[in-house]
Amino acid sequence: MKFRKASVVIVELTLRTPFTTSFGTSTVMHRPFVLLETDDGRVGVGEVPTLSNPAYKAECDHPAVLTSLREFLLPSLVRAQETHGEFSGVEDVIRAYDWVKGAVFAKSGIEAAMWDLMAQEQHLPFWKMWGGTRTSFTVGVSIGGKNIEQVLGLAENAVSLGYQRLKVKIWPGFDIEPARALRERFPDVLLQVDANSAYDMTNWTRLKELDGLDLLLIEQPLYDDDIYLQSLISKEITTPICLDESIHSLRDTEVALALWGDLAPERLVINIKPPRVSGFTEAIAIAKRCEEVGVRTWIGGMLDSAWGKASNLNLNTLTAFTLPGDHFSPGGAYFVEDITTASLSCTNGLYTVGPGIGPGLEIDWEVFNRLSHPQFEVAFA
Ligand code: OSB
Ligand code: MG
């Protein structure tokens, strides 16, 4: 495959329901999209599901992603094409920018665009390209509410839509009460909490009170860049700890497996977000490694557009992912307007993949262009 041009645009997506976490409330998302154009005029589309600032973790913000793409990653692709003439597949693309440290979100946008082009060339859905076999599976929702009333309202709505797995955002002072309220209201639902690194070594012990609520897991209680301290507290709390922010690669995953040791299958869970681990290739490697050692994994979300969500849903067909992922919004559609011609839907909390090429949805170019702010273009020789 040979490229003619890469363009980056920011698509402005407005949430129908503001989303609150320990680090703030999101309403409008400014999403970089990578458009990779081949010399025969095909276009591959890759979303980078950024947030507006690095409060979730380093380089997850759109300014950082734009800088990495413009200054380092896309120029590396141009140089690789100059040297090798063409790209035979996704591995060649990854190899071109592999020298760049970090920039996992930015890298994932290029990889996603390349997967889209490969799918178009092979006329295959992502799930077939990735070896997925589980065509129907349970999906979950993530609830980010400011108070108990909002959380219960969103949960009520989600359960009435058929979702069987709920995750709720917590922080110091808003933790035991929302979790208990949800458990009392929905005794049988699969329930988990996400702290987004809001606790420290002085106040995490409060979370031990969650042990009686039959939760699937506590996601990222401590520091975004820590694995070690979370492995220590995991020995003192029976609810499994799930790592999100602190895992960027298979190597990070190996560190967690080593630190949890024999406790890993029971007490460690990994949230695998393709953009947080530089793309689908690394996401698959992590899921398979965890499966080998009996550690549970699931696919996290970043309030992605339907384009990104559809790709993650294709990934969920791999049986290595053992728990339900964050794929749907508890209040219905995520955005006032989304960028695909059809929307995603599921029945009784079950999603079924179809035969559509790539993610299985098509970009609605009228909406996409109307919501887009062009940023820059990079030409290939
Ligand atoms: O920590 O999983 C997270 C959204 C933005 C940033 C971080 C997180 C989340 C979510 C939402 O929990 C998941 C989704 O519905 O896409
Ligand atoms: Mg999380």
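Colleague: Why does Glu-219 count as buried?

Modeller: Buried means under 20% relative accessible area, exposed over 50%, and partly exposed in between (1.4 Å probe, protein chains only). Glu-219 has 0% relative accessibility and therefore counts as buried. The model is predicted: local features need pLDDT of at least 70, side-chain atom pairs count only at pLDDT 80 or more, and totals for chains, interfaces and linings use all residues. Residues are numbered from 1 along each chain as its sequence is written, ligands are numbered from 1 in the order in which they are written, and side-chain values use heavy atoms, with hydrogens and water left out.

Colleague: Why is Asp-244 called buried?

Modeller: Asp-244 has 0% relative accessibility, so Asp-244 counts as buried.

Colleague: How do you know that the side chain of Arg-31 reaches the backbone oxygen of Thr-50?

Modeller: A polar contact is a pair of N or O atoms within 3.5 Å; within protein, one must be able to donate a hydrogen and the other to accept it, and residues adjacent in sequence count only if both atoms are side-chain atoms. The Arg-31 side chain reaches that Thr-50 oxygen at 2.9 Å. Arg-31 counts as buried because its relative accessibility is 0%.
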